[in-house]
Amino acid sequence: MAEKIVILTGAGISAESGLGTFRDEGGLWAQHRIEDVATPEGFAKDPALVHRFYNMRRAEAAKAQPNAAHLALARLQREYSGEVVIVTQNVDALHEAARAEVIHMHGALASALCAACGHRWAAPLVMATGEPCPACGAGAGRPDIVWFGEMPYFMEQIEDHLLGCDLFAAIGTSGQVYPAAGFVQQARYAGARTIEMNLRDSDSSYAFEDHLIGPASKVVPRWVDTLL
Ligand code: APR
């Protein structure tokens, strides 16, 4: 039995909750330019455009419900006799809505960040250019999202978990974005067994020993049943 399981989730786990992924057909990056809405440079150039993008995603996320995959992972975390750590690239709050504890390495739609003083606060549903910071008063509020070219959050904590895990699982991620796409190698280096769950092969499928192909809402609960 694995003493410690580390699970990485990506946009695919929230797809069946109605939240679009990034790189699938008709995904977010087919509709929006990464440079415009997911870089610090894009925010400096046109903050209103960036706020519109995240306001749209915040409104969608507010309507979404956790699906059977989110619920199954929360159950695993509650009932498994060993340690279960969930790291997500997602910025929605569906893991929390399923009552799971999760590490948001790419930030969260529900959080706002002051670009002037670093203060964080609960993001209003609609943010606007010059959003005032409740701590320093500067009109420098931005979505608390890790953009391309920025360092993901909690990396030291995550790397400690990877070094100590016995089983690493990746669910609904394309394996195209680092450092998350490299976690499987770090886990293998630490001697962990590895499993990937996805609708189809990803860019890092070669690095995993086991694969479960199918929609997350089907394969994740089945996998959790085998562990409990
Ligand atoms: N069940 C399981 N997997 C699914 C499902 C589903 N219902 N629907 C889609 N997938 C898979 C796709 O096959 C794909 O491999 O989810 C993956 C989604 O990939 P991406 O859209 O690239 O999302 P993700 O890997 O989370 O992106 C990583 O990139 O854009 C940045 O910061 C953003 O966190 C994001 C990061």
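1. Let's begin with helix α5. Its buried residues pack against α2 (28–31), α3 (34–37), α4 (40–45), β4 (107–114) and β6 (141–145). Contact here means heavy atoms within 4.5 Å. Helices (H or I, at least four residues) and strands (E, at least two) are DSSP runs, numbered from the N terminus.

2. A word on the source: this is a predicted model, where local features need pLDDT of at least 70 and side-chain atom pairs count only at pLDDT 80 or more, while totals for chains, interfaces and linings use all residues. Residues are numbered from 1 along each chain as its sequence is written, and side-chain values use heavy atoms, leaving out hydrogens and water.

3. Helix α5 covers residues 47–63, 17 residues in all, and reaches 24 Å from first C-alpha to last, close to the 24 Å expected at 1.5 Å a residue. The expected span is 1.5 Å times one less than the number of residues. Val50, His51, Phe53, Tyr54, Asn55, Arg57, Arg58 and Ala61 are the buried residues of α5. Buried means under 20% relative accessible area, exposed over 50%, and partly exposed in between (1.4 Å probe, protein chains only).

4. Two of those residues form a ring pair. The whole structure holds seven aromatic pairs. Phe53 and Tyr54 have ring centres 4.8 Å apart and planes at 80°, so this pair is edge-to-face. Rings of Phe, Tyr and Trp (its six-membered ring) pair if their centres lie within 6.5 Å; planes under 30 degrees apart count as stacked, over 60 as edge-to-face and the rest as tilted. Ring pairs also link Phe53 and Tyr54 with Phe22, Trp29, Phe43 and Trp147 into a cluster.

5. Next, please look at β4, where seven of the eight residues are buried. β4 pairs with β6 in the antiparallel sense over four bridges, and Ala112 stands opposite Pro143 in β6. Strands pair if DSSP finds at least two bridges between them. β4 also runs antiparallel to β5 (residues 120–122), joined by three bridges, with Leu113 opposite Arg120. The β4–β5 hairpin has five residues between its strands, and Gly118 takes a positive phi near 85° there.

6. What does the charged end of Arg142 sit over? Arg142, found in strand β6, has its charged end over the ring of Trp147, 3.8 Å from the centre. Arg142 is buried, with a relative accessible area of 9%. Its contacts, leaving aside neighbours within four places in sequence, include Phe43, His51, Ala112 and Glu150. Arg120 likewise places its charged end over a ring, that of Tyr153, 4.9 Å from the centre. A charge sits over a ring if NZ of Lys or CZ of Arg is within 6 Å of the ring centre and within 35 degrees of the ring normal.

7. Helix α6 (residues 68–79) deserves a look too. The 12 residues of α6 reach 16 Å from first C-alpha to last, close to the 16 Å expected. Ala69, His70, Ala72, Leu73, Ala74 and Leu76 are buried in α6, and their cover includes β1 (4–9), β2 (83–88) and α10 (216–227). Asn67 caps the N-terminal end of α6, with a side-chain oxygen 2.8 Å from the backbone nitrogen of Ala69.

8. Finally, Thr21 lies in the loop between α1 and α2. Thr21 is buried, at 11% relative accessible area. Beyond four places in sequence, Thr21 touches Ala11, Gly12, Ala15, Gly27 and Leu28.

Note on methods: Polar contact = N/O pair within 3.5 Å; in protein donor to acceptor, adjacent residues only side chain to side chain.
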